[in-house]
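The exercises below are meant to be worked with the sequence and the model side by side. Try each task before reading its solution.

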Amino acid sequence: MLNLVLFGPPGAGKGTQSARLIEKYQLVHLSTGDILRGEIANGTPLGLEAKKLMDQGILVPDEVVIGMISNKLDSNPGAKGFIFDGFPRTKAQAAALDQLLSEKNTSINAMLALNVNDEELIQRLLSRGKDSGRPDDANPDIIRKRIEEYNAKTAPLIDYYKAQDKYTSIEGVGTVDQIFNLLVDAINHLG
Ligand code: B4P
C-alpha cells in the first residue's frame, strides 16, 4: 500500500494537490476538513459542534477526527492506499493514525510537507473566501488564528515524522503543475 500524509499550513495546497495525486496513484482521499464540512452541510449533531470551532479557526477535538478516520479506513478495505489530507493535525492524531494502520498491517510511507510563507497563505485563503462561502476563509483574523493553531499544534508533527525518517519538504510556492511535479518526483523516489 501507498499511504501518504500531505502536510502543510492552511491554504498550502493540500486539497488542490490531493485531487491530482489520487487520480495518478489511484489512492483514496481522506480529508478531515471535507468530511467535517459534509457533516455541517447535513446538519448532523457532530457538524453543528464542529462548525462552532471551525468558524473560529480552532481545531476540532482529537477524538472526533480520529473516529472519522477510523470509520473511513474500515469502509475502504480494498484500497491501494490513502492520502491523508489535513490529518493528522496533532501528535495525538498522529499516534492514533500509526496505531490504526498497524492494526491493518500497514503504515505511513511518507509525510510530504508543503512549505508556503504566511503572506501567501493569507492571500490564497482570502481569495478563495470570495467565492467558496467558507466562513473560515472570509476573515483575516480567523485565517491568522488557523495559522497560529497550525504553528502551535500541527507544525510539531514535522519532528514526529522526522524521527521516523518519513519527512520530505516540498516547495509549495509556484504553479499547481510545478508543485505537483515535485510531489510526484518525491513519491517516485520513496524507498
Ligand atoms: P481544512 O479543510 O483542512 O482546510 P485548509 O487547511 O484550509 O485546506 P487546504 O490547505 O487543503 O487548502 P488548499 O491549499 O487546497 O481544515 C479546515 C478546518 O477544519 C480547520 O481549521 C479545523 O478547524 C478543522 N479540521 C480539519 N481537519 C482537522 C483535524 N485533523 N483536526 C482538528 N480539526 C480539523 O487551498 C487553498 C487555496 O489556495 C485554494 O483556493 C487553492 O485554489 C489555492 N491554491 C492551491 N495551490 C495554489 C498554488 N500553487 N498557487 C496559488 N494558489 C493555490
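**Exercise 1: the largest pocket**

Sorted by class, the residues lining the largest pocket comprise 18 nonpolar, 16 polar and twelve charged ones, where Ala, Val, Leu, Ile, Met, Phe, Trp, Tyr, Cys and Pro count as nonpolar, Asp, Glu, Lys and Arg as charged, and the others, Gly among them, as polar. This is a predicted model, in which local features need pLDDT of at least 70 and side-chain atom pairs count only at pLDDT 80 or more, while totals for chains, interfaces and linings use all residues. Residues are numbered from 1 along each chain as its sequence is written, and side-chain values use heavy atoms, with hydrogens and water left out.

Task: find which element gives the largest share of the lining of the largest pocket.

Solution: Begin with the elements that give two or more residues to that lining, among them helix H1 (14-25), helix H6 (118-132) and H2. The largest share, five residues, comes from H2.

**Exercise 2: Gln 17**

Task: decide whether Gln 17 is buried or exposed, and list what Gln 17 touches.

Solution: First, locate Gln 17 in helix H1. Next, Gln 17 counts as buried because its relative accessibility is 3%, the terms being buried under 20% relative accessible area, exposed over 50% and partly exposed in between, with a 1.4 Å probe and protein chains only. Then, leaving aside residues up to four places away in sequence, Gln 17 touches Leu 6, Val 176, Ile 179, Phe 180 and Leu 183, contact meaning heavy atoms within 4.5 Å. Finally, a polar atom of the Gln 17 side chain lies 3.2 Å from the backbone oxygen of Val 176.

Note on methods: Helices (H or I, at least four residues) and strands (E, at least two) are DSSP runs, numbered from the N terminus. A polar contact is a pair of N or O atoms within 3.5 Å; within protein, one must be able to donate a hydrogen and the other to accept it, and residues adjacent in sequence count only if both atoms are side-chain atoms.
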